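Morning, everyone. I have one structure to show, and I will keep it brief. Please look at the screen.

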Amino acid sequence: MGRKYWEDLNEGDRLSCGDVVFEKDDIIDFARRFDPQPFHIDETVGNESIFGGLIASSLHTISACTRVVVEAQGDLAIMSGLGIDEVKLFNPVRPGDVLSVDAYWSDLKRSRSKPDRGIAGLKCKITNQRGEPVADYGYRYLVACRKFA
């Protein structure tokens, strides 16, 4: 399709995101590097925790899901990220879980002061292979407009 711009986005349009698989070794490796809570890196501690087993860091979950969202955007003329909206967590992610991301465009606004760009919101709902909710959150992007590219 080629390069996409703010004008190509439509309120409610969904992205076709791939699945995200969480493996035990990846959960532990990510946690050791970025979120070394004991229930993320030690199976025994995880089993004795309120989670009853090893779980992925929420940071790992959002990071891994961000990858499939960015891939699904294709060649979108993103100038900058503006923020991540409130993240709500519902169920932990465990080794072997396969997550699906339902992502759709929202709150599209062209800048009045700088007409070469627009703001695009992207809402994401993550579920696991059992259809249970895992997380809801959103991104806000600054996207170039075609007329000025």
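Some ground rules. This is a predicted model: local features need pLDDT of at least 70, side-chain atom pairs count only at pLDDT 80 or more, and totals for chains, interfaces and linings use all residues. Residues are numbered from 1 along each chain as its sequence is written, and side-chain values use heavy atoms, with hydrogens and water left out.

Start with helix 4. Helix 4 covers residues 58-73, which is 16 residues. Helices here are DSSP runs of H or I with at least four residues, strands are runs of E with at least two, and both are numbered from the N terminus. From first C-alpha to last, helix 4 reaches 22 Å, close to the 22 Å expected at 1.5 Å a residue. That expected span is 1.5 Å times one less than the number of residues.

Which residues of helix 4 are buried? They are His60, Thr61, Ile62, Ala64, Cys65, Val68, Val69 and Gln73. Buried means under 20% relative accessible area, exposed means over 50%, and partly exposed is in between, with a 1.4 Å probe and protein chains only.

Now the two ends. At the start of helix 4, a side-chain oxygen of Ser57 comes to within 3.1 Å of the backbone nitrogen of Leu59. After helix 4 comes Gly74, with a positive phi near 70 degrees.

On to salt bridges. The criterion is a side-chain nitrogen of Lys or Arg within 4 Å of a carboxyl oxygen of Asp or Glu. How many does the whole structure hold? The search finds 13.

Take Asp75 and Arg3. Their side chains form a salt bridge at 2.6 Å, N to O. Asp75 sits in the loop between helix 4 and strand 3 (78-84), Arg3 in the segment before strand 1 (14-15), and they are 72 residues apart. Asp75 is partly exposed at 40% relative accessible area. Arg3 is partly exposed, with 40%.

Next, Asp8 and Arg146. This salt bridge is 2.6 Å, N to O. The pair links the segment before strand 1 to the segment after strand 7 (133-144), 138 residues apart. Asp8 is partly exposed at 25%, and Arg146 is partly exposed at 39%.

Then Arg14 and Asp102. Their closest N and O atoms are 2.8 Å apart. Arg14 lies in strand 1 and Asp102 in strand 5 (residues 98-110), 88 residues apart. Arg14 counts as exposed at 52%. Asp102 is partly exposed at 27%.

Methods:
A polar contact is a pair of N or O atoms within 3.5 Å; within protein, one must be able to donate a hydrogen and the other to accept it, and residues adjacent in sequence count only if both atoms are side-chain atoms.
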